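Visitor: Hi, I'm new to this one. Can you show it to me and walk me through it?
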Amino acid sequence: MGEDGIEAERLDELLLGIVERHGGDPGRLLQILREAQDALTYLPAAALTVIARALGLPRARVEGVAGFYSFLHLAPVGRYRVLFSDNITDRMLGSGELLDRLCNRLWIERGKVSEDGLVSVDTTSCTGMCDQGPALLVNGRALTRLSAERIDRIGDLIRAQVPLADWPGEYFRVDDNIRRRDVLLSSQWLAGEALRAAIARGAEAMLEEMKRSNLRGRGGAGFTTHIKWESARRATGRGERPTRYVVCNADEGEPGTFKDRVLLTSYADLLFDGMSVAGFTIGASRGLVYLRAEYAYLLPSLLENLERRRQSGLLGEALCGQSGVAFDIEIHLGAGAYVCGEETALLESLEGKRGVPRIRPPFPVSEGYLGQPTVVNNVETLCKAALIAIEGGAWFAGLGTKQSTGTKLLSVSGDVESPGIYEYPFGVSLAQVLRDCGAGNAQAVQVSGPSGSCLATHEFSRRFAFEDVPTAGACMVFGAHRDMFEVARNFAHFFAHESCGFCTPCRVGTSLVAGCMDKIANGHGSQYEINEIFQIHRLLHVASHCGLGQAACNPLFDTLHRFRPAYERRLRSLDFAPAFDLDQALAAARQMTGRDDAAAHFNERPLAGEA
Amino acid sequence: MKTILLDGLPLPFADGQTIMEAATEAGIFIPHLCHHPEFKPQGSCKLCTVKANGRYVSACTLPAKDGMEVENNSPDLNDKRRTLLQMLFVEGNHFCPSCEKSGNCMLQALAYELEMLTPHFEQFYPDRPVDASHPEVLLDFNRCILCELCVRASRDVDGKNVFALSGRGIRKHLIVNAESGRLADTDFSLADKAAQVCPVGVILQKRKGFAIPIGRRRYDVEPIAMQVECAPSRTSGEQES
Amino acid sequence: MGTVAASRKVRLATTSLAGCFGCHMSFLDIDERLFDLIERVDFDRSPLTDIKHCGACDIGLIEGGVCNAENIHVLREFRRNCKVLIAIGACAINGGLPAQRNHLDLGQCLQEVYLTGPGIVHGQVPNDPELPLPLDKVHPIHEVVRVDYFIPGCPPSGDAIWKFLTDLLAGRTPRLGHPLLHFD
């Protein structure tokens, strides 16, 4: 601690203050670690000891949690921590060159802290700014629309040690980029409208409306929302103080997805109304939002909103003046872990643990947050629930298709004229979306992120709906000039980086396939690696613990089927020998021509099988 | 009596029992590494992957259901299990000839059982320094397969929390409960349950390694599949004698 | 080996790369069965024949991992010339003992051993062109060439080697069950 100039006593004082602000609650460990790091720039070993003691937790448990999340650091880091968003869409916009440029300008090596401890530059998984990239994070703050000029200026600001607060506000501007509005994005309901409507209906009737609406989860899995709500409502809590929870999954980590960012920015009232409606309907008095760390910049306005709702009786003990109807919402921040988007990993993280997906069953609706019945819904799902409270289930069911009612927000990025958010009724064709966003020469669209599916031109007539192409909303568009092998390689590394490491197949398999892809990229690949990828895919698909591992090889599988030449042209050999004897095949001609010169023979040495 | 059909064989089970428990009670072997009959199942190694009613599941965590048809000893499943073993072998540094657990090691015994002749993949060769700080026990992290048995034993039986996992993904690793990171600075003791449960050669009692010569050890004598253990389990071959 | 093998003697080459020749010693442990073998097999390059380069062969047996440039040349020569290539022993299969250096930096190793270690005066890192240069890491042979079969063990017993070879020569997929299959 000496070199940081923080003495043990001051460290104690600082950390105990943080722990106290969180009521000494071990369940808030992740939030405590975040704040401790904000104060100390990293988490030295001594700090973990102090926090563990103050919370009454084993120290190893605290270190285990701190070591899990990408944005928590156990070793010293730069005072300016620059992380370039490394999604393929950022790369297509030149993020790689910009990263090199910044490193050169700062005389540093990527991934290493500068000798004076001033700065470090590295990459991070998609930061959710694909519509206005390339993007990066500086000390957790999102910067958008990077250009060479802007990068040079950022280099200067860092060298001059200008505090982030004094950087040009324009750098931090995040636009909504809403391009097409349907029922959700054009709604203008006042805060509390949906909640009042639900209370007026009554919980049972509200549940009936949800059933009628046939709303399905917007986070990707598409589970029917009313079944979740009803199961949680029917489930009895455990322990001395049985209760229920509503959890909003705002851990929007799927690369290429940014719709929840927009909803959290401009439709937070609708979201909080949706959460309150869910709470009222299932009989929960507490709601939690799990907000991905990359969106931490939204926290102040969200907290302000919550406070406003408390002031106006939309949160608290007697909602809308109804005694006995209590609901409040708190926000937890993540710390850089894609896997926490999986609902049970999210619950673990909310409880201050490593974000490792739980064994199911039991499902969260019976044993969720702190073992109590819990509804976990996506941001968009909850916003839709708010609309259903106001307009009714039948109205909602009249939109979209039979099995996919309502509308869907799509996050469109990549090679298009107008990247941003597009809301359509379910059933819209991919071709329609591509026309609307100005994707002139698309050769492929990655739907629903790397864990979704890659569609090629012959599939553009397919429709977004659970009946056809299910989607969590991401549409990354790749023009004809893009190298689909590099797209897949980017995704392979994404999964290797984000695997939680719990189960063997995903932990090791994601690293192995990333290695295969690198080998092919470096010109050392052969058919052998392609076969390996297929074999590992077959294993991960069925034996992984959660959806992350199960989907981890999907982008490789998809691109190998649709863009195989992009792989093959990199292979050193296809490692194939003909089934017939080449020399023997010339025998008849030799006899006829009377030739016996060298060119009249194949004198092959045995086929080399060198890797 | 409720039953499952395991590879066509009807096995009775009690409510709440997992597929693994039902099989074990009937003396049928389902390969496993992170499972131990005395501890809460965790389902992370995936060696016990079986096909139940057509779906791939972990036998150690999935509750048995009446009439469930389970495929266990099939070429497809053993193939997948062999690949999982190969993944575990290349991710760590498993040099059996220099390991004093050889012959008593479950990872090795399963590799024999499933006829794994090669690690197949490229070796990761991670750098994992050993911890020899404790007077009685050596920790050789090179062989850790992250089964968390020591974590569970220390937490649930010893009430000590000596072990935990840190890191994520391929960088996940075992840590001990001390600011120094050294086992000697924890309250670990040789008498702990956690000292007895390591299925591989990470937690090793010092000065005892070759009390039983190689060639006469537990899995040298009899293949692992012939040694199905019910709770309470036998401990390793060395403690038996 | 198919129909060809049935009508003529099989040609077999063996070599040790970064190994200790322990697998070769174990090979000799098949004892009098060597006479049976010699009925069915002609030895090409092998320590038994002292032939220096591998000609066209049916089977190549490789002991030891790949730790230097010469190992690569020899291994490639075997792969080019042998229809079936077999990795024998722990070192060929996972690097074995020589691979225990893999977590160390080669440059630092050479520096300590030849320049800065205790008792060294006027040290020099050997640079005779006759000496093969070491690789930065030791590799199992399947990381350098395609390998068809593996006989694990350190070393595999004479019985294991015999079982494996007789299976192979008879056209059966070789299998080593308990207790022949051993990694130690």
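Visitor: Where in chain B does pLDDT stay under 50?
Guide: That would be residues 233–241 of chain B. Keep in mind that this is a predicted model. For that stretch, the model has 19 contacts beyond four places in sequence.
Visitor: How should I treat a spot like that?
Guide: Where pLDDT is low, the predicted coordinates should not be read in detail.
Visitor: And what does chain B average for pLDDT?
Guide: Chain B averages 94, and 95% of its residues score at least 70.
Visitor: OK, on to neighbours. How many residues of chain B are in contact with chain A?
Guide: 29 residues of chain B, and they meet 31 residues of chain A. On the chain B side, helix H2 (75–91), strand S7 (163–166) and strand S8 (173–176) each give two or more residues.
Visitor: What about chain C and chain B, how many residues does each put into their contact?
Guide: Chain C puts in 23 residues and chain B 19. On the chain C side, helix H5 (residues 90–94) gives the largest share, three residues. That side divides into 11 nonpolar, eight polar and four charged residues.
Visitor: Switching to chain A: which domains does the assignment give?
Guide: The list runs from domain 1 (2–66) to domain 6 (577–611), and includes domain 3 (179–397).
Visitor: How far apart are the centres of domain 2 and domain 6 of chain A?
Guide: Taken over C-alpha atoms, those centres are 59 Å apart.

Key:
Residues numbered from 1 in each chain as written. Chains lettered and ligands numbered in written order. Predicted model: local features only at pLDDT ≥ 70, side-chain atom pairs only at ≥ 80, totals over all residues. Domains from an automatic or database assignment. Contact = placed C-beta atoms within 7 Å. Helix = DSSP H or I, 4+ residues; strand = E, 2+ residues; numbered from the N terminus. pLDDT = per-residue confidence, 0-100. Nonpolar A, V, L, I, M, F, W, Y, C, P; charged D, E, K, R; others polar.
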